[in-house]
Amino acid sequence: MSDPAISNQNLFKNKLLRRMSAGDFAFLEPHIERCSLELRQSLEVSGSPIEAIYFVENGIGSVVAKMPNGSDAEVGLIGLEGMTGSALVMGDDRMVHDCYVQLAGEAARIDAEPFKAALTQSPTLRLFLLRYVQCLHIQTGYTALVNARSKLEDRLARWLLMCDDRVAGDRLTITHEFLSIMLGVRRPGVTVALQLLEGRGLIRSRRGEIIIRDRDGLVSLADGGYGLAEAEYIRLVGHTGER
């Protein structure tokens, strides 16, 4: 006879919910609410207490750092492989960066208080989620490296691959304006980089939409910027069989 908790876990697309132990999932399940993620919806506000945790099922959340002068850039991506609210796992109650929805979708939402209670009650839940937090730190580190050392088209290739890992299908609904924020560059630079990738047959760029045509070609163009962080996720969290 199958474990009901395991059967319920399999109803979720989020890889953390699917990979955690049945016992840890049982602590969270009564408090999970499915919700929609609307474009540009705020999930976390810098310096404010975390009110809820979102285990993303579809769509993408962007972790965005801001300078006092108003300049901003994406420093992290969260999709079905992850969750918001990593500060709670580490014992803090607020994030230093903003997080908002970059691509609309759905999530499994848990209020902060029952989530913190589950971390206290379970001897293994925090340890498991800390492995994901480590993955997020690794991703952020590679983002810093790539932003400092890679050409814009290489950075764009990496970013498109990371998004492709986190959405169903090969179409990304994104504007040039949003891309400029994500990559920390001006819109004309984004337009030129997209044209370069399209000229190589790697993507097709339409108004508000990018279609991936040659994933292997994007991996090659990313020139080592993509793949190592993703391999660490598999090592630390595991592989569920999905790409």
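L16 touches F55, E81, G82, M83, F128, L129, Y132, Y233 and V237, leaving aside residues up to four places away in sequence; contact here means heavy atoms within 4.5 Å. The model is predicted, so local features need pLDDT of at least 70 and side-chain atom pairs count only at pLDDT 80 or more, while totals for chains, interfaces and linings use all residues. Residues are numbered from 1 along each chain as its sequence is written, and side-chain values use heavy atoms, with hydrogens and water left out.

**Nonpolar cores**

- The largest nonpolar core has 44 residues, and L16, L17, L28, F55, M83, F115 and L129 have the most contacts inside it.
- Helix 6 supplies the largest share of this core, eight residues.
- Apart from this core lies another of 33 residues, with I60, L103, A193 and L218 among them.
- A nonpolar core is a set of buried Ala, Val, Leu, Ile, Met, Phe, Trp, Tyr and Cys residues joined through side-chain atoms within 4.5 Å.
- Buried means under 20% relative accessible area, exposed over 50%, and partly exposed in between, with a 1.4 Å probe and protein chains only.
- In soluble globular proteins, nonpolar side chains tend to be buried together.

- Strand 3 covers residues 52–66, and twelve of its 15 residues are buried, so the strand is largely enclosed by the rest of the structure.
- Helices (H or I, at least four residues) and strands (E, at least two) are DSSP runs, numbered from the N terminus.
- Strand 3 pairs with strand 5 (residues 98–111) in the antiparallel sense over eleven bridges, and Y54 has R109 in strand 5 as its bridge partner.
- Strand 3 also pairs with strand 4 (residues 72–78), again in the antiparallel sense, over six bridges, where S62 stands opposite L77.
- Two strands count as paired if DSSP finds at least two bridges between them.
- Five residues separate strand 3 and strand 4 in a hairpin, and G70 in its turn has a positive phi of about 100 degrees.

**Helix 5 and helix 6**

- The axes of helix 5 (residues 112–121) and helix 6 (residues 125–149) come within 7 Å and cross at roughly 110 degrees.
- Helix 5 and helix 6 are therefore roughly perpendicular to each other.
- Axes are lines fitted to C-alpha atoms, for helices over the stretch in contact, and angles run from 0 to 180 degrees between N-to-C directions.
- Angles under 35 degrees count as roughly parallel, over 145 as roughly antiparallel, 65 to 115 as roughly perpendicular and the rest as oblique.
- On the helix 5 side F115, A118 and L119 take part, meeting L125, R126 and L129 of helix 6.
- The residues of this contact divide into five nonpolar, no polar and one charged.
- Ala, Val, Leu, Ile, Met, Phe, Trp, Tyr, Cys and Pro count as nonpolar, Asp, Glu, Lys and Arg as charged, and the others, Gly among them, as polar.

- Helix 7 (residues 152–166) packs against helix 9 (residues 187–199) at an angle of about 75 degrees, with the axes 9 Å apart.
- Helix 7 and helix 9 are therefore roughly perpendicular to each other.
- L152, E153, L156, A157 and L160 of helix 7 meet G189, V190, A193, L194, L196 and L197 of helix 9.
- By class, the contact of helix 7 with helix 9 has nine nonpolar, one polar and one charged residues.
- An open sheet of three strands has the order 6-8-7 and antiparallel pairing.
- Strand 6 (171–172) and strand 7 (203–206) stand at the edges with a single partner strand each, so one side of each is left without a neighbour in the sheet.
- Strand 6 and strand 8 (residues 209–212) run antiparallel and are joined by two bridges, with R171 opposite I211 in strand 8.
- Helix 7 lies across strand 6, strand 7 and strand 8, running at about 85 degrees to strand 8.

**Individual residues**

- R40, in the loop between strand 1 (33–37) and strand 2 (42–44), has a positive phi near 70 degrees although not a glycine.
- R40 counts as partly exposed, at 45% relative accessibility.
- D223, in the loop between helix 10 and helix 11 (228–236), has a positive phi of about 55 degrees and is not a glycine.
- D223 is exposed, with a relative accessible area of 63%.
- G217 lies in helix 10 (residues 215–222) and counts as buried at 17% relative accessibility.
- The C-alpha atoms of G217 and I203 are separated by 9.6 Å, and the two residues are 14 residues apart along the chain.
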